[in-house]
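Dear colleague,

Please find below the structure that I am handing over to you, followed by an account of what was found in it.

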Amino acid sequence: MKALLPMGLSVLCVGITGCGTGCGAAASSPDEPSPASVPVRSVADADFPPVGNRLELSDAEWRRRLTAAQYDVLREQGTERAFTGRFHDHHEQGVYVCAACGAPLFRSEDKFDSGTGWPSYTRPIEDGRVASERDVTLGMVRTEVHCARCDGHLGHVFDDGPPPTGLRYCINSASLDFVTVRTP
Ligand code: FE
């Protein structure tokens, strides 16, 4: 998979910060604002950190930077309740980035309606953005996925997704922000 970020484009960043079938983890209580209350900010695509650019912060710094719901998911492997996140029913064209470090993770073109209540994607935006690890918690054997830049927990990946990959990246909305691509 190659880099899919549009070149020479600026993006309009909409700070909008989810797994059911198959995710099966304990639910946490989200305290995210509703999409309508989220402010809009503009960033340039060049502001995306390159692949391999790591961000390692202290636990205290993560607690300072993240909301309680974001911290629960990203740093404590929590799972938000189905259908409560900001992106499970989100259909704008753009890029989903890590809410903790801003790294681009998924594209809207790879998002599909899994019916689970969590935003679901068939693949990451490019190689090196999303890392995985075997997860045997909660009496299940799953594949956990996290941001390769900051190690923030995103969700899990399952092999029951649609073409072209047959994969379903089941992601918590609280671990994501969204940027809308804007041509110059
Ligand atoms: Fe990250």
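**Findings**

Glu-92 is placed in the loop between strand 4 (79-80) and strand 5 (95-98); strands (E, at least two residues) and helices (H or I, at least four) are DSSP runs, numbered from the N terminus. This is a predicted model, in which local features need pLDDT of at least 70 and side-chain atom pairs count only at pLDDT 80 or more, while totals for chains, interfaces and linings use all residues. Residues are numbered from 1 along each chain as its sequence is written.

Glu-92 counts as partly exposed because it has 13 C-beta neighbours inside 10 Å. By definition, 20 or more other C-beta atoms within 10 Å make a residue buried, 12 or fewer exposed, and a count in between partly exposed, with C-beta atoms placed from the backbone. Leaving aside residues up to four places away in sequence, Glu-92 touches Ser-108, Phe-178 and Thr-180 (contact: C-beta atoms, placed from the backbone, within 7 Å). Thr-180 is 88 residues from Glu-92 in sequence, yet their C-alpha atoms are 7.5 Å apart.

Strand 12 (residues 168-171) pairs antiparallel with strand 8 (residues 120-121) over two bridges, pairing being at least two DSSP bridges between two strands. Four bridges join strand 12 to strand 11 (residues 153-158), also antiparallel. Tyr-169 is the bridge partner of Tyr-121, and Ile-171 that of Gly-155. Tyr-169 and Ile-171 point one way from strand 12, Arg-168 and Cys-170 the other, and all are buried.

In the loop between strands 11 and 12 lies Pro-164; the peptide bond from Pro-163 to Pro-164 is cis, with omega near 5°.

Yours sincerely

Technical notes
Two residues are in contact if their C-beta atoms, placed from the backbone, lie within 7 Å.
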